[in-house]
Amino acid sequence: MPSRTCIFTSFQREFLTRYAKEHGYTNLKILVDDGYTGTNFNRPGVQEGFDPVKQGLVGCWLVKDLSRFGRDYLTVGQYTDIIFPSYDVRFIAVNDGVDSERGDSEGMAAIRNLFNEWYPRDTSKKVRVSLHQRGISGKHMGKPPYGYRCDPADKDHWILDEDAAPIVKYIFDLTVSGKGPDAIARILEDQKVLTTKALYAQRKGKPMPERPYHWAGQSVAGILERMEYTGCTCNFKIYSKSYKLKQRIPNSPEDMFILPDTQDAIVSQAQWDRVQERLKLEIEVTEEWLETQETMSADVDAFVALTQKYVDVPELTPTIVNEYIKKIEVFPPDKSSGKRVQKVKIYFNFVDDVEIPVISEPVVAKSTPGRRKTA
């Protein structure tokens, strides 16, 4: 039976390669996760190593130290204490003196894992404090959006982009006139306005995109949402709940930092407000339309199922009528035209009301002595 693989993850492959060979491990597989944080166990190298572990092909997992394997002490402990032992995988952290074959009677591995997690947590806290201080100082925390560029004399100050700023103003004007993002995108494309990506590529002398004038409605909508076009600084628009979570969540306006008049405005505050009103409205109309369509689809499906149920019925019964029909309106007959006209309106279950074509018949007159009767 061939020997099982020894897997190791490290930034110092020479050190671990030498260690593995000195201790008799020859069937080696090297996993490297350069550029990935240790708090993330979805790193491609680590995930690549877990597959052969589950197949029973790994005999030893070797790392320089526990922090190189991960900095989330709960997840590291789950692998070292539960997952690796269940697949009979020996785990060794060389510099920490951790070897699952010898056990961990003093519990030092758990303590080291805890300290390894405290490091990124403390670093994250310090970074957050630094970013917060920068944010409330009035300096922009991101790159300038389409329409602005950095001032060559002061990189923290934005100045108008002479090519893009008029396009931003044009987009806002079109929105106020009643055009939606998709319609505006088509107008810009028809007028051969370079997209953001194409404009920047042209300036840097890089290859132009295949469709340099093809604007997307989503890109237009993104421009219309940027408050900075009113001339303000807007920081803390998004946040994360934890340094372990990469998901960014939109912040509420009251938790943002907004400082007016930090650069030249492209649109007025009044125009920006008007555009936002037109947009939340478009969202409400779209959501209402989607809800209506979903309801109609469900109703049609129910109606079709009911029809299939009674497709071969020989006669109409009260039960079938009650299942199909919600109510029937019979209007008074109208004989003013010389014909008896009877209007009937049927409301079916699951579908809209249906008007039955007008049924009419001639008025038959019978004469009797002394009176005239109309039937």
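Student: How many bridges join strand 6 to strand 7?
Tutor: This is a predicted model, in which local features need pLDDT of at least 70, side-chain atom pairs count only at pLDDT 80 or more, and totals for chains, interfaces and linings use all residues. Residues are numbered from 1 along each chain as its sequence is written, and side-chain values use heavy atoms, with hydrogens and water left out. Strand 6 (residues 148-151) and strand 7 (residues 154-160) run antiparallel, where strands are DSSP runs of E with at least two residues, helices are runs of H or I with at least four, and both are numbered from the N terminus. Two strands pair if DSSP finds at least two bridges between them, and for strand 6 and strand 7 the number of bridges is four.

Student: Which residue of strand 7 stands opposite Tyr148?
Tutor: Strand 6 and strand 7 form a hairpin with two residues between them. Across this pairing, the residue of strand 7 that stands opposite Tyr148 is Leu160.

Student: Is Glu228 buried or exposed?
Tutor: Glu228 lies in the loop between helix 9 and strand 8 (233-235), and it touches Tyr148, Trp158, Cys234, Lys237 and Gln263, not counting residues up to four places away in sequence. Contact here means heavy atoms within 4.5 Å. A residue is called buried under 20% relative accessible area, exposed over 50% and partly exposed in between, computed with a 1.4 Å probe on protein chains only. Because its relative accessible area is 2%, Glu228 is buried.

Student: At what angle do helix 6 and helix 9 pack?
Tutor: Helix 6 (residues 165-176) and helix 9 (residues 217-224) have their axes 10 Å apart, each axis being a line fitted to C-alpha atoms over the stretch in contact, with angles running from 0 to 180 degrees between N-to-C directions. Angles under 35 degrees count as roughly parallel, over 145 as roughly antiparallel, 65 to 115 as roughly perpendicular and the rest as oblique. The two helices are therefore roughly perpendicular to each other, and the angle is about 95°.

Student: Which residues of helix 9 meet helix 6?
Tutor: From helix 6, the residues in this contact are Val168, Ile171, Phe172 and Thr175. On the side of helix 9, they meet Val220, Ile223 and Leu224.

Student: Which residues of helix 8 are buried?
Tutor: On the other side of helix 8 (residues 196-204), Lys197 and Lys204 are exposed. The buried residues fall within an arc of 165° seen down the axis of helix 8, so they line one face of the helix; the arc is that of the directions from the helix axis to the C-beta atoms. Those buried residues are Ala198, Leu199 and Ala201.

Student: What is the relative accessible area of Lys192?
Tutor: Lys192 lies in the loop between helix 7 (181-190) and helix 8, and its phi is near 55°, a positive value in a residue other than glycine. Lys192 is exposed, with a relative accessible area of 56%.

Student: Which residue of strand 14 stands opposite Ile328?
Tutor: Strand 12 (residues 325-330) and strand 14 run antiparallel and are joined by five bridges. Strand 14 (residues 344-348) is mostly covered, since four of its five residues are buried. The residue of strand 14 that stands opposite Ile328 is Ile346.
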